[in-house]
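This report covers charged pairs, backbone angles and helix packing. Please keep the structure open while reading.

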Amino acid sequence: RVVASRAPLPVVDARDPGDAAKQIERGLTEASKAIPSYKLCTTALRAAKYDDAAKAARAGLALYANSSFSRLCLLSAFASQKAPADSIIAVASKIVATDPTSMIALANLADAYAQKGDTAKAIETNLAIYKLDPSNTTIGTSIITQLAQFGSPDKALPIIDSMLVQNPGDPTMLRQKWLLQLKAGKFKQAIATGEEYVKADTAAATLDFFQRQIGAAQQDSNAAMVQTLAARAG
């Protein structure tokens, strides 16, 4: 599906308002040259003719190099064809440069970076996606999982904290936060979160839970807590 994007016009450097109006009009005229090709591209996309869609998109870009609509259509064609990651990155990066809020460009960019194994860029892009819609718990949960897999639990913790503000006491989120803190080596905080977790879900107080909590207390050099947890586990 093709999503609307910003179509930047050239910067206007005019002597007066009249001159500015003329330059804007010229810019709009230039931008409109790509519209027929864009329409051909979207029609080809709907028909699953991805090579034709890419060809039409390139024709539109040849007529107006700043056509975000044509570039976004080209990206959709590449994504549907499962084009090489570098091809997707090249197109998506240009879209994001002019429209940092383009979710379809950011999503494709994040996937392409992950495919290439560029963990740092994938994390950076995923965080940009989350910042655009922090209320979307589905996106947040997906990004947290990716950050944990990429070995960046510290960057995932602020996201889970913001999600817990909107969903206080949610046992699934508390468990996720607890595991992230354990993975990040934040043992004191993990013990406290673990206690919140089993209060929210008493069935979670399993032997495995206590073993992890005892391990965290040992890492935190908290002998008293080790004894308390061991007594509760027994």
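## Helix packing: H10 and H12

The model discussed here is predicted. In it, H10 and H12 pack with their axes 11 Å apart and at an angle of about 40°. The two helices are therefore oblique to each other. Their crossing is left-handed.

Which residues make the contact between H10 and H12? From H10 come Trp178, Leu179 and Leu182. From H12 come Phe209, Arg212, Gln213 and Ala216. By class, this contact of H10 with H12 has five nonpolar residues, one polar and one charged.

How many salt bridges does the structure hold? The total is six. One of them joins Lys116 and Asp86, whose closest N and O atoms are 2.9 Å apart. Lys116 lies in helix H6 (residues 103-116), while Asp86 lies in helix H5 (residues 85-98). The pair therefore ties together parts that are 30 residues apart in sequence. Lys116 is partly exposed, at a relative accessible area of 48%. Asp86 is partly exposed too, at 49% relative accessibility.

Another salt bridge brings together the side chains of Asp154 and Lys186, with an N to O distance of 3.8 Å. This pair links distant parts of the chain, 32 residues apart. Asp154 sits in helix H9 (residues 153-166). Lys186 sits in the loop between helix H10 (171-184) and helix H11 (187-200). Asp154 counts as partly exposed at 45% relative accessibility. Lys186 is partly exposed as well, with a relative accessible area of 30%.

## Positive phi in two loops

Where does a residue other than glycine take a positive phi? Ala48 is one example, with phi near 60°. Ala48 is placed in the loop between helix H2 (35-46) and helix H3 (50-63). Its relative accessible area is 44%, so Ala48 is partly exposed.

Lys82 is another example. Its phi is near 55°, again a positive value in a residue other than glycine. Lys82 is placed in the loop between helix H4 (68-81) and H5. H5 is also the helix that holds Asp86. Is Lys82 buried or exposed? At 73% relative accessibility, Lys82 counts as exposed. The reason is the cut-off: exposed means over 50% relative accessible area.

Technical notes
Residues numbered from 1 in each chain as written. Predicted model: local features only at pLDDT ≥ 70, side-chain atom pairs only at ≥ 80, totals over all residues. Heavy atoms only, no water. Salt bridge = Lys/Arg side-chain N within 4 Å of Asp/Glu carboxyl O. Helix = DSSP H or I, 4+ residues; strand = E, 2+ residues; numbered from the N terminus. Buried < 20%, exposed > 50% of the residue type's maximum accessible area, 1.4 Å probe, protein only. Axes fitted to C-alpha atoms, helices over the stretch in contact; angles between N-to-C directions. Parallel < 35°, antiparallel > 145°, perpendicular 65-115°, else oblique. Left-handed = near helix turned anticlockwise from the far one by under 90°. Contact = heavy atoms within 4.5 Å. Nonpolar A, V, L, I, M, F, W, Y, C, P; charged D, E, K, R; others polar.
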